[in-house]
Amino acid sequence: MKDNHQDGVCLKNYMEEVVFNYIDLLIKDSPYCTCPLCRVDIAAYALNRLPPKYVATEKGQVYSKLSQLQQQFEVDVTVAIMKAIEIIGKNPKHPINYK
């Protein structure tokens, strides 16, 4: 998926970056598959349950990064990803022995 550009300004859902960073931290302790297909499915599941955080300027990106420090934000992202890991892990879109 590409970022959307309009007159030289890039629009991005910053939550995607946050989710993939958290997946890297949380999935390493998981007993489930960590292949790229499962990781993307986990991200999609979690992102569909979290509010988007769109940014259009560098200043907006800084503001969004600061909001990550809020404890509730961190809890919400962690819970959504942990649930996604469990659901996707128990129902992968590929054979169990795939990698």
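Reader: What is the mean pLDDT of the protein, and where is confidence lowest and highest?
Author: This is a predicted model, in which local features need pLDDT of at least 70 and side-chain atom pairs count only at pLDDT 80 or more, while totals for chains, interfaces and linings use all residues. Residues are numbered from 1 along each chain as its sequence is written, and side-chain values use heavy atoms, with hydrogens and water left out. On the scale of pLDDT, which is the predictor's confidence in each residue from 0 to 100, 75% of the residues reach 70 or more and the mean is 84. Confidence is lowest in strand β1 (residues 4–6), at a mean of 61, and highest in α2, at 96.

Reader: How much of the accessible surface belongs to carbon and sulfur atoms, and what share of the residues is buried?
Author: Accessible areas come from the Shrake-Rupley method with a 1.4 Å probe, and for residues only the protein chains shown count as cover. The accessible surface comes to about 7000 Å², of which carbon and sulfur atoms hold 54%. A residue is called buried under 20% relative accessible area, exposed over 50%, and partly exposed in between (1.4 Å probe, protein chains only). Of the 99 residues in the protein, the buried share is 31%.

Reader: Among contacts between residues at least 6 apart in sequence, what percentage joins residues at least 24 apart?
Author: A contact here means heavy atoms within 4.5 Å. Among the contacts that span at least 6 residues in sequence, the share that joins residues at least 24 apart is 78%.

Reader: At what angle do α1 and α4 pack, and what is the handedness of their crossing?
Author: Axes are lines fitted to C-alpha atoms, for helices over the stretch in contact, and angles run from 0 to 180 degrees between N-to-C directions. A crossing counts as left-handed if the near helix is turned anticlockwise from the far one by less than a right angle, and as right-handed if clockwise. The axes of α1 and α4 lie 10 Å apart, and the contact includes Met15, Val18 and Leu26 of α1 together with Phe73, Thr78 and Ile85 of α4. The helices pack at an angle of about 65°, and the crossing is right-handed.

Reader: Which residues does leucine 26 touch, not counting those up to four places away in sequence?
Author: Leucine 26 lies in helix α1 and is partly exposed, because its relative accessible area is 21%. Beyond its sequence neighbours, leucine 26 touches Thr78, Ile81, Met82 and Ile85.

Reader: Is valine 18 buried or exposed?
Author: Valine 18 has its place in helix α1, and its C-alpha atom is separated by 9.7 Å from that of lysine 53, 35 residues away along the chain. With a relative accessibility of 1%, valine 18 therefore counts as buried.

Reader: How many salt bridges does a search of the whole structure find, and how far apart are the closest N and O atoms of aspartate 24 and arginine 39?
Author: A salt bridge is a side-chain nitrogen of Lys or Arg within 4 Å of a carboxyl oxygen of Asp or Glu, and the search of the whole structure finds four. One of them joins aspartate 24 to arginine 39, linking helix α1 (residues 14–27) with helix α2 (residues 36–47) across 15 residues of sequence. Aspartate 24 is partly exposed, at 40% relative accessibility. The closest N and O atoms of this pair are 2.7 Å apart.

Reader: Which residue forms a salt bridge with aspartate 41?
Author: Aspartate 41 has its place in helix α2 and counts as buried because its relative accessible area is 12%. Leaving aside neighbours within four places in sequence, aspartate 41 is in contact with Ile88 and Lys93. Its salt-bridge partner, at 3.6 Å from N to O, is exposed at 65% relative accessibility and lies in the segment after α4 (71–90), 52 residues apart from aspartate 41. That partner is lysine 93.

Reader: Why are glutamate 86 and lysine 90 separated by about one helical turn?
Author: Glutamate 86 and lysine 90 form a salt bridge with their closest N and O atoms 3.0 Å apart. Glutamate 86 is partly exposed at 38%, whereas lysine 90 counts as exposed at 51%. The separation is about one helical turn because the two residues are four residues apart in helix α4.
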